[in-house]
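I opened my notebook and the viewer side by side. Here is what I looked up, entry by entry.

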Amino acid sequence: MKKLLYIISVLLILLGVSGFIIIGNNDPSLYVNNYEIINPKFPQEMGELKIAQLSDYHSHGLRYEDDNLIDVILENNPDIICLTGDFIDDGTTKSDLNDIQILFEAMKEFPVFLINGNHEYDARGQEEYYSLIAKYENIHFLRNEIMRLYSRSNQSYINIIGMDDAAFYGGLKQEEYALLAIQEIDDALFNPSEFNLFLAHNPDTFDVYSQYASLQLSGHTHGGQINFIFNNYLYKYRSGLYQKDNATLLVSEGLGTSTYLPIRAGTRLEVNFITLKNNNE
């Protein structure tokens, strides 16, 4: 009996210490990451293209410790904005939807490309969220669809391919779903030899989309949310840049936290800015 009590006491102490460590590392700051990606498929005539990637907002709110998300976007003045899923979840309230509308209003002057994440599948406020998206002509909601983004002279373009999430399709594994989803892309527009920007919420789809993508933007992982040592073994693509053949993957740690675990430890709330260039000066 004494031995059991001793074990329980040790476990409680370890849990308590872990709790203090987690709370102490729950960083509320918004981090801004800048990436430069050089790819020979990117049209030289387009010069540079600056992309803002926002992912996994999870109805967080627009205010971070020292920054307002809208101010950060406007100050960095991207050419386009890509929203890579999980903007709402089952904790979304009317107040959260109002914040999202304020964000959409602030982005009215930018071309915005938006996809679903897994949480949109059964999120609270889903109908209101989709109705809100439909009000904005500048927001292109892509579900296994492709759009061409042209240069100002209309002489060159890149392809933006927005992929849906496996959560909407019978619970298939991400790789299984990706193999089916890629078949829905319009062959008349899709050319693997051109610069193809894939938006896919779950980075595990990169094993399939890397055959076609020049760059894939994903989220979903929250960087592990609590960054234990073994996270790198749990996530094939956890955070940051990955390369496979001629394709690059960028995984964002996101802007919010899971409803079920509203804390972070050792991971960052972040927004990414990516500048695309051709390597020929």
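**Entry 1: the whole chain**

I began with contacts: among those with a separation of 6 or more, 74% are between residues 24 or more positions apart. I noted for myself that this is a predicted model. Next I looked up the elements and found seven helices and 12 strands. Of the 281 residues, 51% count as buried. I also looked up the accessible surface, which comes to about 13800 Å², with 52% of it belonging to carbon and sulfur atoms.

I followed an open sheet of six strands and wrote down its order, 1-12-2-3-4-5, with mixed pairing. Its edge strands are strand 1 (30–38) and strand 5 (139–141), and each of them pairs on one side only. Neighbouring strands here are turned by 20 degrees against each other on average, direction ignored.

I then picked one pair to look at. Strand 2 and strand 12 run in the antiparallel sense, paired over six bridges. I found alanine 52 opposite phenylalanine 273 in strand 12.

Six strands make up an open sheet in the order 6-7-8-9-11-10, and the pairing is mixed. Why is one side of strand 6 and of strand 10 left without a neighbour in the sheet? Strand 6 and strand 10 (240–244) stand at the edges with a single partner strand each, so one side of each has no neighbour there. From one strand to the next, the twist averages 20 degrees.

I went through some pairs:

- Strand 10 and strand 11 (residues 247–251) pair in the antiparallel sense over five bridges, and leucine 241 stands opposite leucine 250 in strand 11.
- Strand 8 (residues 196–199) and strand 9 pair in the parallel sense over three bridges, and leucine 199 has leucine 217 in strand 9 as its bridge partner.
- Strand 9 and strand 11 pair in the parallel sense over four bridges, and leucine 215 has threonine 248 in strand 11 as its bridge partner.

I stayed with strand 9 (residues 215–218) and asked whether its faces are covered on one side or both. Both are covered: Leu215 and Leu217 on one side are buried, and so are Gln216 and Ser218 on the other.

**Entry 2: nonpolar cores**

Which residues touch the most other members of the largest nonpolar core? I listed Leu54, Leu69, Ile81, Leu83, Leu103, Phe104 and Tyr129, out of 32 residues in that core. At least two residues of this core come from each of strand 2 (48–54), helix 2 (69–76), strand 3 (80–84), helix 3 (94–106), strand 4 (112–115), helix 4 (126–134) and strand 12 (269–277). Another core lies apart from this one; it has 22 residues, among them Tyr35, Phe42, Met46 and Leu197.

Not counting residues up to four places away in sequence, leucine 103 touches Leu54, Leu62, Leu69, Ile70, Ile73 and Phe87.

**Entry 3: threonine 221**

I found threonine 221 in the loop between strand 9 and helix 7 (231–234). Is threonine 221 buried or exposed? Its relative accessible area is 5%, and buried means under 20%, so threonine 221 counts as buried. Leaving aside neighbours within four places in sequence, threonine 221 is in contact with Pro203, Tyr235, Tyr237, Arg238, Val251 and Ser252. I also checked glutamate 253: it is 32 residues from threonine 221 along the chain, and their C-alpha atoms are separated by 6.4 Å.

Serine 151 is buried at 8% relative accessibility, whereas asparagine 154 is exposed at 55%. The side chain of serine 151 reaches the backbone nitrogen of glutamine 155 at 3.4 Å. Setting aside residues up to four places away in sequence, serine 151 touches Glu45, Met46 and Ser156. For asparagine 154 I noted a phi near 65 degrees, a positive value in a residue other than glycine.

**Entry 4: asparagine 77**

Asparagine 77 also has a positive phi, about 45 degrees, although it is not a glycine. I located asparagine 77 in the loop between helix 2 and strand 3. With 51% relative accessibility, asparagine 77 counts as exposed, because the cut-off is over 50%.

Conventions:
Residues numbered from 1 in each chain as written. Predicted model: local features only at pLDDT ≥ 70, side-chain atom pairs only at ≥ 80, totals over all residues. Heavy atoms only, no water. Buried < 20%, exposed > 50% of the residue type's maximum accessible area, 1.4 Å probe, protein only. Polar contact = N/O pair within 3.5 Å; in protein donor to acceptor, adjacent residues only side chain to side chain. Contact = heavy atoms within 4.5 Å. Pairing = 2+ DSSP bridges. Axes fitted to C-alpha atoms, helices over the stretch in contact; angles between N-to-C directions. Areas by Shrake-Rupley, 256 points an atom, 1.4 Å probe, with all protein chains shown as cover. Core = buried A, V, L, I, M, F, W, Y, C linked by side-chain atoms within 4.5 Å.
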